Amino acid sequence: MKWLVLVLVLFLAACSQSTPTGNVVADEAQVVHVSVQGANYVFSEDSVDSSRPVKLVFDAAKLPGCSRVVTVPQYGAKKMITPEDNEITFEPLGSGPVRVACSMNMYTGELMVR
Ligand SMILES: [Cu+2]
């Protein structure tokens, strides 16, 4: 009888492991690191996928002057980047370039969404 219980327990354990626990991977944000070179925002990825959220992580130490005041106009985002608060997350509404600019439009960049 004991072996039957053991088999049952192992069977149930195997079942619970193969049961999906939610679409975690699909909802996981794509992390893109952002710094400034010259007058441009430079992204660590050439492009991102339109099906998942995008998390822009700014390197606060590499944002000169007003490039710290970042806007993502298409997604209504504006943030003063600090070392403690350096992320902007958005969910792509479709494919195409997403513009990133400082609030005065001196520093600009485009991240391609595919
Ligand atoms: Cu500016």
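This is a predicted model: local features need pLDDT of at least 70, side-chain atom pairs count only at pLDDT 80 or more; totals for chains, interfaces and linings use all residues.
User: What makes up the chain, in helices and strands?
Analyst: There are two helices and nine strands. Helices (H or I, at least four residues) and strands (E, at least two) are DSSP runs, numbered from the N terminus. Along the sequence the pattern reads α-α-β-β-β-β-β-β-β-β-β.

User: How confident is the predictor in the chain?
Analyst: pLDDT is the predictor's confidence in each residue, from 0 to 100. The chain averages 86, and 77% of the residues score at least 70. Over residues 15–23 the pLDDT is below 50, and this stretch has zero contacts in the model beyond near neighbours in sequence. Residues 8–12 also stay under 50, with zero contacts beyond four places in sequence.

User: Why does Asn-105 count as exposed?
Analyst: Asn-105 has 11 C-beta neighbours inside 10 Å, so it is exposed. Its place is the loop between strand E8 (96–102) and strand E9 (108–113). Asn-105 is not a glycine, yet its phi is positive, about 70°.

User: Is Gly-76 buried or exposed, and what puts it there?
Analyst: Gly-76 has 8 other C-beta atoms within 10 Å, and is therefore exposed. The loop that holds Gly-76 runs between strand E5 (69–72) and E6. Gly-76 and Phe-90 are 14 residues apart in sequence, with 9.4 Å from C-alpha to C-alpha.

User: How do you know that E5 and E6 pair?
Analyst: Two strands pair if DSSP finds at least two bridges between them. E5 and E6 have four bridges and run antiparallel, so they pair by that rule. Val-70 has Lys-79 as its bridge partner in E6, and Thr-71 has Lys-78. The two strands form a hairpin with four residues between them, and Gly-76 in the turn has a positive phi of about 60°.

User: What joins E5 to E8?
Analyst: Two bridges join these antiparallel strands. In E8, Val-70 has Cys-102 as its bridge partner.

User: Which residues does Val-70 touch?
Analyst: Two residues are in contact if their C-beta atoms, placed from the backbone, lie within 7 Å. Leaving out residues up to four places away in sequence, Val-70 touches Phe-58, Lys-79, Ile-81, Ile-88, Val-100 and Cys-102. For the chain, 60% of the contacts with a separation of 6 or more are between residues 24 or more positions apart.

User: What makes a set of residues a nonpolar core, and how many are in the largest?
Analyst: A nonpolar core is a set of buried Ala, Val, Leu, Ile, Met, Phe, Trp, Tyr and Cys residues joined through C-beta atoms within 7 Å. The largest has 17 residues, and those with the most contacts inside it are Tyr-41, Leu-56, Phe-58, Val-70, Val-100 and Leu-111. Strand E1 (30–37), strand E4 (54–58), E8 and E9 each supply at least two residues. Across the chain, buried residues make up 18% of the 114 residues.

User: What alternates along E4?
Analyst: The side chains do. Val-54, Leu-56 and Phe-58 point to one face and are buried.

User: Which strands pair with E4, and in what sense?
Analyst: E1 pairs with E4 in the parallel sense over five bridges. Gln-30 stands opposite Val-54 there. E7 is joined to E4 by four bridges, and these two run antiparallel. In E7, Thr-89 stands opposite Lys-55.

Technical notes
Residues are numbered from 1 along each chain as its sequence is written. A residue is buried if 20 or more other C-beta atoms lie within 10 Å of its own, exposed if 12 or fewer, and partly exposed in between; C-beta atoms are placed from the backbone.
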